[in-house]
Amino acid sequence: MSMIMKATALACLFSVWALFGTQAHAADAATDVAALHAADQAWLKAYNGNDPASAAALYDENAVFMPPGAPSVIGRAAIKAYFTTDMDGVAKQGVKFHLGDKPAGGASGDLGWASGSYSVTDKAGKVVETGKYLSVSKKAGGKWLYVRDTYNADAPPAK
């Protein structure tokens, strides 16, 4: 086999590998983004269900939660304690958290992010707050865990 034929065959083989490798990577990324959004839905269910243990389980052991108008909360145990108090107050008020319909997200390897909009409704279903959120997650043992999580309202706090 001539050197040109070997080079051509190698180039074709590399092209096929690159094409299928790229498609597989894109499929993996789409699966990861869907898993990130599923974690957000699990968080929403736990939050609205006054279940701080399930919400905290979605965070890495050393995660940082940055709620609006409060200091950062560092570590899963502290996040659970924060949610225990916060969710109890929210449940007593009868408000519910809702995530927007079109979240964004991305993943590369074991790191991923998700962002989107949210709203909060009162007992009567009236929207009392709108805002946005951003989370950064890492995949550990096949599960996405928040490592940084924050949200804030679109409007300044009521006085």
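1. The chain has three helices and seven strands, where helices (H or I, at least four residues) and strands (E, at least two) are DSSP runs numbered from the N terminus. Along the sequence these elements follow the pattern α-α-β-β-α-β-β-β-β-β. The model is predicted, so local features need pLDDT of at least 70 and side-chain atom pairs count only at pLDDT 80 or more, while totals for chains, interfaces and linings use all residues. Residues are numbered from 1 along each chain as its sequence is written, and side-chain values use heavy atoms, with hydrogens and water left out.

2. On the chain as a whole: 31% of the 159 residues count as buried. Buried means under 20% relative accessible area, exposed means over 50%, and partly exposed is in between (1.4 Å probe, protein chains only). The chain exposes about 9600 Å², and carbon and sulfur atoms supply 63% of that area. Accessible areas come from the Shrake-Rupley method with a 1.4 Å probe; for residues, only the protein chains shown count as cover. Among contacts (heavy atoms within 4.5 Å) with a separation of 6 or more, 51% are between residues 24 or more positions apart.

3. Next, the empty space. Rolling a probe the size of a water molecule over the atoms shows where such space is left. The search uses a 1 Å grid over the protein atoms alone: a cavity is a set of points where a 1.4 Å probe fits but cannot get out, a pocket is an open set with protein on both sides within 12 Å along at least five of seven lines, and lining residues have an atom within 4 Å of a point. Grid points are joined across faces, edges and corners, and a volume is the space filled by probe spheres set on the points.

4. The largest pocket has a volume of about 590 Å³. It is lined by 27 residues, and the closest to its centre are Pro68, Tyr118, Val120, Glu129 and Tyr151. Two or more lining residues come from each of helix H1 (3–48), helix H3 (76–93), strand E3 (96–99), strand E5 (111–121), strand E6 (127–140) and strand E7 (143–153). H3 gives the most, with six residues. By class, the lining of this pocket has 17 nonpolar, six polar and four charged residues. Here Ala, Val, Leu, Ile, Met, Phe, Trp, Tyr, Cys and Pro count as nonpolar, Asp, Glu, Lys and Arg as charged, and the others, Gly among them, as polar.

5. There is one cavity of 30 Å³ or more. The largest cavity has a volume of about 130 Å³. Its lining includes Asp40, Trp43, Phe65, Phe97, Asp149 and Tyr151. H1, E3, E6 and E7 each supply at least two residues of this lining, and E7 has the largest share, with four residues. The classes are seven nonpolar, two polar and two charged residues.

6. The model has 15 aromatic pairs. Rings of Phe, Tyr and Trp (its six-membered ring) pair if their centres lie within 6.5 Å; planes under 30 degrees apart count as stacked, over 60 as edge-to-face and the rest as tilted. Tyr47 and Phe97 form an edge-to-face pair, 5.4 Å centre to centre with 65° between the planes. Tyr47 lies in helix H1 and Phe97 in strand E3, so this pair ties together parts that are 50 residues apart in sequence. Both Tyr47 and Phe97 are buried.

7. The rings of Tyr59 and Tyr146 have centres 4.9 Å apart and planes at 50°, so the pair is tilted. Tyr59 is in strand E1 (residues 59–66) and Tyr146 in strand E7, 87 residues apart. Both of these tyrosines are buried. One aromatic cluster includes Tyr47, Phe97, Tyr59, Tyr146 and Tyr82.

8. Is Tyr82 buried or partly exposed? Tyr82 is partly exposed, because its relative accessible area is 23%. Tyr82 lies in helix H3. Leaving aside neighbours within four places in sequence, Tyr82 is in contact with Phe65, Pro67 and Val73. Tyr82 and Pro52 are 30 residues apart in sequence and 8.4 Å apart in space, C-alpha to C-alpha.

9. Two single residues remain. Ser119 is in strand E5 and counts as buried, at 19% relative accessibility. Not counting residues up to four places away in sequence, Ser119 touches Lys96, Phe97, His98, Val127, Glu129 and Thr130. Asn50 is in the loop between H1 and helix H2 (52–56). Most residues other than glycine have a negative phi. Asn50 is not a glycine, yet has a positive phi of about 55°. At 31% relative accessibility, Asn50 counts as partly exposed.
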